[in-house]
Amino acid sequence: MEELLQDSHFFRQLAEHGPLAAYRRASSIDWRKMCLTFTDRRGLELQQQLYRLFRTSAPFIRGRAVRDLPTDERRRLAMVQLQHLQRERLFTYETFIERPDLASVYYATIAEYDMSLLVRLTVNYLLFTGVIRMFDAPDRRLAHVIEQTETGQITGSFALTEVAHGTNARAIRTRATYDPAGREFILHTPDFEAAKCWAGNLAKSCTHMIVWAQLYTADGRCHGVSGFLVPIRDPYTLQTFPGLLVGDLGEKAGLNGVDNGFVLFRHYRIPRENLLARFGDINAQTGEYESVIESATERFALSMGPLVLGRVNICTVSQTLLAKALTIGVRYSAARRQFGPTMDAQELPILEYQSQQHRLLPHLATCVALKLFNVWFARVSGEAQVRMLRAEPIENELLLEVHIIASAVKPICSWAARDGIQDSREACGGHGYLRMAGLADLRADNDANITYEGENNVLLQQVSQQLVSIRTRGDYGAFALMSPLGSMHFLSEYERIMQQRFVCNTVEHVTDLEAILATMDWLTAYMLEHTYRRTQDLLRAGGNKFDVRNNTQIFYAKDLAIVFGETMEHGAERNYLTRLAQLYGTTLLRKHMATLQSTGYVEMSALHLVQEAILQLLPIVKQDAVAMVDSLAPPDFVLNSPLGASDGDIYTRMESEIMAGSEVTGRASWWHEILNSAKL
């Protein structure tokens with residue numbers, strides 16, 4: 001390991017002088033060893049290959065130049081970068097099959113550089129070629145499309161959402177009617193409400209897309225939602241084909257390097273072979289629909305697999321954006337000095353102030369907890385995806401568990417990023433509000449994570465519904481049978497868990513990780529039973545299932561799903577990671593203290609002990625906070641923030657970037673208009 005730690009190819013030399021040097025010298029941890037907690041040598045190699053590409057290849061420019069680009073130019077640049085990335089083939093399908101866990105390293109490193117590029121990549125591969133790999137017919141009739149995409153001949157998009165239907169995807173209204181005479185499907189959009197929208201790469205870039213539509217046979221029967229490969233533009237001219245109305249949704253709050261669009265189909269014909277026919281096909285001779293899976297509901301559930309995997313990626317990406325924000329916030333706080341014990345004393349770094357520590361360090365603890373969780377979840381969900389791609393048998397219980405975990409943790413990750421980015425922005429004061437700080441773009445780009453691949457509140461409804469459904473079977477032992485990954489095993493011990501109480505008389509008691517984990521287990525079991533009984537009471541009172549689900553969300557089902565997701569994350573045994581885990585755990589205890597106290601699980605004095613524990617942990621965590629963010633931070637040229645640079649020389653860097661702008665000094669171009677107006 002020592003040889004690896006000394007390899008400058010993997011671990012760059014950090015500044016030995018300047019505002020951050022004192023914190024690094026006083027640190028008890030080696031930031032390089034902390035990096036190796038999160039990834040191995042192969043992951044570091046992939047990361048460094050990408051960093052080298054970003055630093056040395058012409059399309060990957062950084063700094064103020066890219067921030068000031070107009071929308072159309074940002075889109076062009078992101079598209080050129082995507083093509084360049086494709087040609088490099090640093091991470092391929094074969095790599096993923098061999099090491100599925102490396103996908104999270106690949107996606108996270110690109111997210112560090114530019115979220116617009118990551119979205120384009122995700123749409124083109126995970127949601128286009130990935131879907132074709134998963135759902136193509138057994139004879140692999142669409143394999144040539146994958147090859148053309150990987151060589152850059154065509155660009156893909158993915159269209160499920162419609163203007164009036166996003167969450168309720170089963171009710172989409174785009175129709176694909178089979179015409180036996182021409183052996184073609186006829187795609188049609190009945191009105192604008194049924195237009196496909198929000199599809200990335202669609203507005204200006206893609207040549208083909210995966211379109212989900214209601215499949216009808218000539219006899220008028222609907223066989224549910226199916227996927228289709230649909231040509232959109234001529235690959236040689238990028239002109240839209242006749243029979244389509246393709247448009248641009250325009251500038252967004254963030255991610256403006258991605259051209260999100262809409263499309264309406266006007267009796268648009270595609271070949272029968274363009275149906276993604278793994279779970280159902282049209283008989284070429286009879287024109288009848290045939291499937292080994294009789295239930296349209298089950299076929300739909302299997303077809304939505306890629307969305308679950310997209311949520312796994314969002315967990316990783318949200319944590320990555322949070323890490324970038326905290327790097328900026330913590331480094332700035334360690335370099336920025338304000339006030340001191342006396343008027344004549346040297347001013348102190350604002351990281352030394354308790355209020356600043358409380359603003360940032362619980363987010364740092366959350367970030368590390370999420371990163372450790374994502375390392376595990378990316379591996380197990382990636383292995384499941386490999387089995388799906390290989391068409392190997394896979395347990396329904398495993399697919400359901402991955403769905404439940406991803407749907408629970410994706411809201412937690414994206415909301416944690418939202419809150420941590422905002423607090424980092426505020427922790428940097430007015431300078432954090434400058435565009436050059438990078439925090440405004442992080443905030444805007446992460447905001448989309450809260451909505452796409454499943455709106456957070458709706459995902460939590462799905463989680464609670466699944467958990468209550470398992471509980472409804474009557475035997476808590478079912479949770480062990482339904483949990484091959486082990487995430488729900490603890491619920492099978494419901495009776496023992498519910499007999500527990502947390503007797504805490506000292507700070508050491510409330511920082512005991514085993515006690516915190518036991519508390520989260522109890523809280524999940526309690527909320528599950530609480531929600532289940534509320535559901536049963538409403539059913540007995542005559543409510544239908546739809547109304548019952550709707551009327552058990554607030555204070556019941558939503559809280560259950562959140563607590564279950566929070567229970568998924570746990571720390572490691574290293575000393576500093578233990579301290580971070582304690583800070584994360586006590587922060588959760590404080591968050592849920594009202595429920596824990598009102599149910600009698602803890603005594604009323606527990607709140608004071610938890611608060612005292614947090615106050616004691618903050619200065620301990622602060623001691624190594626700079627080294628911790630060093631282990632999470634990308635290189636300075638990727639971070640692209642003068643406030644968060646690794647040397648801490650914030651004011652020199654701010655001056656340099658400000659003065660590099662056009663028309664920084666001098667009078668306004670509209671000075672004459674103002675003077676003339678004043679004379680009137």
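Predicted model: local features only at pLDDT ≥ 70, side-chain atom pairs only at ≥ 80, totals over all residues.
Lys591 has a relative accessibility of 51% and therefore counts as exposed, since the threshold for that class is over 50%. The side chain of Lys591 meets that of Glu566 in a salt bridge, with an N to O distance of 2.5 Å. Lys591 belongs to helix H23, residues 575-591, and Glu566 to helix H22, residues 553-567, so the pair ties together parts that are 25 residues apart in sequence. Glu566 itself is buried, with a relative accessible area of 5%.

Let me continue with salt bridges. The count for the model comes to 31. One of them is formed by Arg24 and Asp630, whose closest N and O atoms are 2.8 Å apart. Arg24 sits in helix H2, residues 21-26, and Asp630 in helix H26, residues 625-632, so this pair ties together parts that are 606 residues apart in sequence. Both Arg24 and Asp630 are buried.

A further salt bridge is that of Asp139 and Arg141, at 3.4 Å from N to O. Asp139 is exposed, its relative accessible area being 52%.

Through shared partners, salt bridges join Arg24, Arg331, Asp630, Asp636, Asp647 and Arg653 into one network.

I turn now to Glu453. What does the UniProt annotation say of Glu453? An unreviewed UniProt entry places its "active site" annotation on this residue. Glu453 is located in the loop between helix H15, residues 439-447, and helix H16, residues 456-471. With a relative accessibility of 17%, Glu453 counts as buried, because the limit for that class is under 20%. Setting aside residues up to four places away in sequence, Glu453 touches Leu127, Leu307, Gly310, Arg311, Ile314 and Leu459. As for its backbone, Glu453 has a positive phi of about 60° although it is not a glycine.

Asn640 also deserves attention for its backbone. Asn640 is not a glycine, yet it has a positive phi of about 60°. Asn640 is placed in the loop between helix H27, residues 636-639, and helix H28. Its relative accessible area is 14%, and Asn640 is therefore buried.

Helix H28 covers residues 650-659 and contains Met659. Is Met659 buried or exposed? Met659 is exposed, with a relative accessible area of 53%. Together with Ile658 and Val664, Met659 forms a nonpolar patch on the surface, and the three residues have about 240 Å² of accessible area together.

Helix H3, by contrast in topic, concerns the interior. Six of the eight residues of H3, which spans 31-38, are buried, so this helix is largely enclosed by the rest of the structure. The buried residues in H3 are Trp31, Arg32, Met34, Cys35, Leu36 and Phe38. Against which helices do the buried residues of H3 pack? They pack against helix H1, residues 2-5, as well as H4, helix H13 at 354-389, H23 and H26. Two of these names have come up already: H23 holds Lys591, and H26 holds Asp630.

Ser57 is in the loop between H4, residues 41-56, and helix H5, residues 64-67. At 14% relative accessibility, Ser57 counts as buried. Ser57 and Leu215 are 158 residues apart in sequence, and their C-alpha atoms are 45 Å apart in space.

Finally, the domains. The domain assignment of the chain gives domain 1 as 154-292 and domain 2 as 460-626. Taken over C-alpha atoms, the centres of domain 1 and domain 2 are separated by 42 Å.

How values were computed:
Residues numbered from 1 in each chain as written. Heavy atoms only, no water. UniProt positions renumbered as here; feature names shortened; annotations may be inferred. Helix = DSSP H or I, 4+ residues; strand = E, 2+ residues; numbered from the N terminus. Buried < 20%, exposed > 50% of the residue type's maximum accessible area, 1.4 Å probe, protein only. Contact = heavy atoms within 4.5 Å. Patch = residues over 30% accessible without salt bridge, like charges linked within 9 Å, V, L, I, M, F, W, Y side chains within 5 Å. Areas by Shrake-Rupley, 256 points an atom, 1.4 Å probe, with all protein chains shown as cover. Salt bridge = Lys/Arg side-chain N within 4 Å of Asp/Glu carboxyl O. Domains from an automatic or database assignment.
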